[in-house]
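User: I'm new to this structure and would like a close look at just one part. Could you walk me through the aromatic rings?

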Amino acid sequence: MKPYRFILLYSLLLCGCMADTPHWHIGVSQCSEDIWRDWQNEEMKLEAHFRDDVRLSFATAHDDSRRQIQQIDSLVACGIDLLIVAPNQMQNISSAIDRAYDSGIPVIVFERKTDSHKFTAFVSADNYEMGRQMGEYMAVQLGGQGNIMEVMGLKGSSPALERHRGFHDAITRYPDIKVVATLHGDWTEMTAYEATKRWLNGTSVHGMSIDVVFGHNDRTAMGARRAFEEQVARNASSQGQKDILPLFCGIDGLPGEDGGICQVRDSLLTASYIYPTRGDLLLQLALEILEGKTYKKETLLTSALVTHENANVLYLESEEVVRRSQRLERMQLLASHYLKELSAQKTITVLACGVIVLLLIAIVLFYLYHRGQVNIRRERVLNNLWNMDNSPDPPTCISAPEASSAPAKQVIEGTLPSETDEPPGSKLSDASPFINLFREVVERNMSNSELSVEDLAADMNLSRVQLYRKVKAITGSSPVELLRTARLNRGYQLLLTTDKTVSEVAYAVGFSAPAYFTKCFKDKFGIVPGEVRSKVSA
């Protein structure tokens with residue numbers, strides 16, 4: 001590998017040590033904080049662990065539309081590349097979503113709708129169908145007659161409106177079923193409990209029985225159940241009789257010990273409806289949009305009814321999913337711990353990469369300098385081998401641009417170093433008799449264009465191999481190279497000191513073809529033979 005390639009290789013390594021900034025920044029605006037959204041956020045985080053180019057920023061509005069607007073604007077100001085948002089209410093959040101979309105940020109609206117059409121994609125389950133199927137299920141459980149209490153979700157939110165509409169469209173087919181109370185909550189167990197408790201304590205409802213409570217999610221259904229349980233306990237203590245609790249139905253069907261599937265299995269709820277969280281799908285969709293891939297404008301999630309008959313199987317399946325998720329989370333924590341340990345070494349690694357690069361640069365520069373010095377010494381030896389008639393020696397090999405501007409008078413007035421010019425024991429001083437003999441043989445036979453290395457070796461009583469090795473060891477050049485250098489130097493001197501033509505000079509110094517002499521001359525001195533005299537006269 002050439003020296004400069006080491007610099008490139010380790011420069012890339014140095015850049016690689018420092019390039020770890022995530023490529024995509026995705027903001028997630030949740031309208032509230034609850035177990036359903038906690039599951040969804042964790043799914044997005046888990047999916048992000050499989051990518052090293054994603055950073056997630058979460059914001060929770062806690063059912064406050066004004067706060068969510070501020071949080072969306074803040075995420076946009078932070079420079080997010082994409083916004084995932086669950087609007088708290090259909091109308092109030094639209095302005096903030098529009099601003100994000102108009103600024104060029106893709107927007108994924110999930111779970112809840114907005115009254116604006118400025119969004120990139122929409123992901124949700126069919127809330128209308130959930131409400132309709134729950135209404136059909138309750139009608140079958142009641143045998144076509146009875147009283148129902150409905151505890152709605154947050155007023156003005158699209159899931160609450162659509163579940164309410166689907167539920168009532170199903171119930172209207174059964175004239176003997178009455179919805180005797182419609183209460184409003186905000187999706188939390190506490191507000192459902194308080195609203196149900198107030199209704200039960202009202203004087204106008206004494207003696208009215210409720211057969212089924214439909215909570216718009218499992219938490220509201222469980223909040224209503226707690227209020228009914230307290231009333232039953234009070235009636236039992238005051239009247240000595242125990243009332244029968246109504247049936248309770250909800251929507252979400254989350255896994256886990258506190259989820260709707262477990263509550264149906266344990267008969268705390270009569271039924272629930274799985275509302276998939278699918279945080280993994282949301283993140284996958286976001287990356288498809290950011291990477292310019294094909295994606296669906298609207299994605300409808302698959303859901304299913306949970307009853308006592310299938311709750312145990314669904315619970316076992318969900319538990320396996322939870323266990324796998326927990327294993328992956330533990331693996332991620334171990335990986336994070338490992339990365340934290342490595343982070344302490346990161347600075348050292350970067351510095352080490354830098355030191356290696358600088359060291360390699362120094363080595364390469366030293367190598368190039370050494371090579372240059374060797375070449376200079378070699379050129380001096382070649383030029384100083386031939387001191388012919390004490391006339392000026394030709395210049396050392398120069399580049400074409402230098403040849404065009406440097407006067408031909410600028411020549412090296414050097415002679416073959418004598419033994420007194422070199423330190424005792426040096427290679428050149430020890431080899432001077434051999435070099436002198438070699439020079440004499442070359443000068444004597446220079447005009448012979450048929451002269452070969454074998455001829456030179458024979459004149460010196462050496463074999464061809466012996467001559468080559470000895471000349472190469474002393475001068476760093478081969479006998480052929482020295483012979484050509486001697487002929488070119490002599491040709492240069494003849495051009496300076498005689499009026500011979502270029503062709504005559506070429507033949508005089510042993511070249512069989514003037515054209516080849518001109519080519520070699522140009523390669524060595526940077527000028528053609530015909531320019532030598534003009535340079536001197538100039």
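This is a predicted model: local features need pLDDT of at least 70, side-chain atom pairs count only at pLDDT 80 or more; totals for chains, interfaces and linings use all residues.

Analyst: Here's a walk through the aromatic rings, pair by pair. Residues are numbered from 1 along each chain as its sequence is written, and side-chain values use heavy atoms, leaving out hydrogens and water.

Searching the whole structure turns up 10 aromatic pairs (rings of Phe, Tyr and Trp, the last by its six-membered ring, with centres within 6.5 Å; planes under 30 degrees apart are stacked, over 60 edge-to-face, the rest tilted). Take Phe-228 and Phe-248: their ring centres are 5.8 Å apart and the planes sit at 70°, so this pair is edge-to-face. Phe-228 belongs to helix 8 (residues 218-239) and Phe-248 to strand 9 (residues 247-249), so the pair ties together parts 20 residues apart in sequence (helices, H or I of at least four residues, and strands, E of at least two, are DSSP runs numbered from the N terminus). Phe-228 counts as buried at 5% relative accessibility, and Phe-248 is buried too, at 1% (buried is under 20% relative accessible area, exposed over 50%, partly exposed in between, with a 1.4 Å probe and protein chains only).

Now for Phe-517 and Phe-521: with centres 5.6 Å apart and planes at 55°, this pair is tilted. Both lie in helix 18 (residues 514-525), four residues apart, or about one turn, and both are buried. They also belong to one aromatic cluster, together with Tyr-492, Phe-511, Tyr-516 and Phe-525.
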